[in-house]
Each structure stands twice: as structure tokens, then as C-alpha cells.
Amino acid sequence: MLLLPELGAGTGVDWSPVEADLGVALPGDYKLFIDAYGVGMVDDHLTVCGPGAAEDWADLAKHNAYAHECVRPEFAGPEDCSGSRRLGDASRWASNRADVPAWFEPGDDLISWGHTGNGDFLFWHVKPGITPNEWPVVLKERGPYWECYQAGFCASLAGLLTGDIQSEYLSRWFGGPHSYVF
């Protein structure tokens with residue numbers, strides 16, 4: 001189990017600007033983690049982004065915008081993949097929905113909180129009517145494959161590190177001993 005300090009015990013991130021930019025409140029366990037540890041890299045492979053990071057690739061809002069650019073063609077096709085609309089705008093999806101994951105419904109969205117050195121993205125699956133603390137984590141590997149972990153930020157990260165969650169793509173990178181550095 002991943003233990004987290006009380007909110008406010010660490011870096012004291014101001015969450016208002018990034019939450020306003022993303023249009024949603026972020027999960028509490030993620031905010032506690034970032035407040036305590038800041039942005040960093042797990043086992044020299046998985047970057048956990050945070051608000052206001054000095055590097056664009058580690059800044060939550062900037063990385064999320066980039067991740068959306070990368071996955072938008074799967075939702076709208078290459079002809080209609082520009083813009084800042086939500087991924088869950090089904091009116092923009094390719095007519096056959098062939099590349100939209102079956103678990104992704106109209107009105108859903110994705111927020112990318114991390115990425116790997118291989119170009120994989122980790123997202124929260126934002127579902128209408130579901131609180132941020134209940135958003136499941138999904139992995140989008142560099143190709144067409146998606147993995148859904150039916151757990152939130154800390155439970156998914158801890159599960160991947162302990163082996164309780166087996167990923168076809170990430171598990172081989174997390175053998176331990178584990179580190180978190182930036």
C-alpha cells in the first residue's frame with residue numbers, strides 16, 4: 001500500500017489554475033502524491049507529471065494537451081484530428097468507431113497524468129457522474145493497444161510496482177528496487 005502524507009505537508013501546489021485549465025477537479029490521491037513528492041520518474045521509466053513543472057514534458061496541462069494531439073486521430077480520424085474539443089465529442093468520431101476503445105462512451109474524456117520513455121501515455125478515464133477519486137487509469141501504448149486498470153492513480157501505480165496489476169507493456173519495466181526521482 002502506498003502511504004501518503006496529509007494534504008499540505010509537501011510542496012504546497014496551487015491546484016486552482018491547472019484544474020481550471022482542465023475543466024475538472026483532479027483526484028485527491030494524485031494531489032496528495034504530487035504535493036508530497038512533486039513530479040518525477042518511477043524506476044527511470046514512467047514520468048508522473050504535475051502542474052507548473054519546469055519542463056513541458058513534465059507539466060500536467062502541457063503534457064495532457066500533447067497526449068490529446070497524439071490520440072485524437074484514433075477518435076476522429078486523420079482528417080478531423082485538430083482542435084481542442086473533448087475526445088468524447090461523438091459527433092467528431094470516425095463513423096465506424098473502429099479506433100475508439102469499446103469502454104469509451106460519448107461524453108467521456110481522458111486526462112494524461114504520465115508517460116513512459118517508450119511514448120506510452122497514462123490517463124485517467126474521466127466519466128460523467130463519476131467522482132475524480134473513482135476515475136480508472138488507462139494505458140495507451142504507442143501503437144493501437146489500450147489497457148484499463150480498474151483503479152485510481154495511487155492504487156494503479158502501487159499495483160504496477162508490486163505486481164498486483166499486470167501490464168502487458170509496463171510490468172517488465174518495474175522489477176525493483178523501485179525509485180522515484182526527478
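**Salt bridges, a sheet and a buried Asp**

Reader: Is K31 buried or exposed?
Author: K31 counts as buried, since its relative accessibility is 17% and the cut-off for buried is under 20%. Bear in mind that this is a predicted model.

Reader: What does the side chain of K31 meet?
Author: The side chain of E19, in a salt bridge with an N to O distance of 3.0 Å. The pair links distant parts of the chain, with K31 in helix α2 (residues 28-37) and E19 in helix α1 (residues 16-22), 12 residues apart.

Reader: And E19, buried or exposed?
Author: E19 is buried, with a relative accessible area of 15%.

Reader: How many salt bridges does a search of the whole structure find?
Author: It finds 2. Besides K31 with E19, the side chains of K62 and D56 meet at 3.3 Å, N to O.

Reader: How accessible is K62?
Author: K62 is partly exposed, at 48% relative accessibility.

Reader: Switching to D59. Where is it found?
Author: In the loop between β2 (46-48) and α3 (60-76). D59 is buried but has no salt bridge.

Reader: Which side chain of opposite charge is nearest to D59, and how far away?
Author: That is K62, at 5.2 Å.

Reader: What lies 3.3 Å from a polar atom of the D59 side chain, then?
Author: The backbone nitrogen of A61.

Reader: And what does D59 touch, leaving out residues up to four places away in sequence?
Author: C49, G50, P51, G52 and A53.

Reader: Now the sheet. How many strands, and in what order?
Author: It is an open sheet of 7 strands, ordered β6-β5-β4-β3-β2-β1-β7, with antiparallel pairing. β6 and β7 stand at the edges with a single partner strand each, so one side of each has no neighbour in the sheet.

Reader: What does α2 touch on the sheet?
Author: α2 packs against β2, β3 (109-116), β4 (121-126) and β7. The direction of α2 makes about 95° with that of β2.

Reader: Which residues in β6 are the bridge partners of V137 and L139?
Author: V137 has Y149 as its partner, and L139 has E147.

Reader: How far is V181 from D44, C-alpha to C-alpha?
Author: 7.9 Å, although V181 and D44 are 137 residues apart along the chain.

Reader: Last topic: why is helix α4 described as largely enclosed?
Author: Because 7 of the 10 residues of α4 (residues 153-162) are buried.

Reader: Which residues in α4 are buried?
Author: F153, C154, S156, L157, A158, G159 and L160.

Reader: What follows α4?
Author: G163 does, with a positive phi near 90°.

Definitions and conventions. Residues numbered from 1 in each chain as written. Predicted model: local features only at pLDDT ≥ 70, side-chain atom pairs only at ≥ 80, totals over all residues. Heavy atoms only, no water. Helix = DSSP H or I, 4+ residues; strand = E, 2+ residues; numbered from the N terminus. Buried < 20%, exposed > 50% of the residue type's maximum accessible area, 1.4 Å probe, protein only. Lys, Arg positive; Asp, Glu negative; His and termini not counted. Salt bridge = Lys/Arg side-chain N within 4 Å of Asp/Glu carboxyl O. Polar contact = N/O pair within 3.5 Å; in protein donor to acceptor, adjacent residues only side chain to side chain. Contact = heavy atoms within 4.5 Å. Pairing = 2+ DSSP bridges. Axes fitted to C-alpha atoms, helices over the stretch in contact; angles between N-to-C directions.
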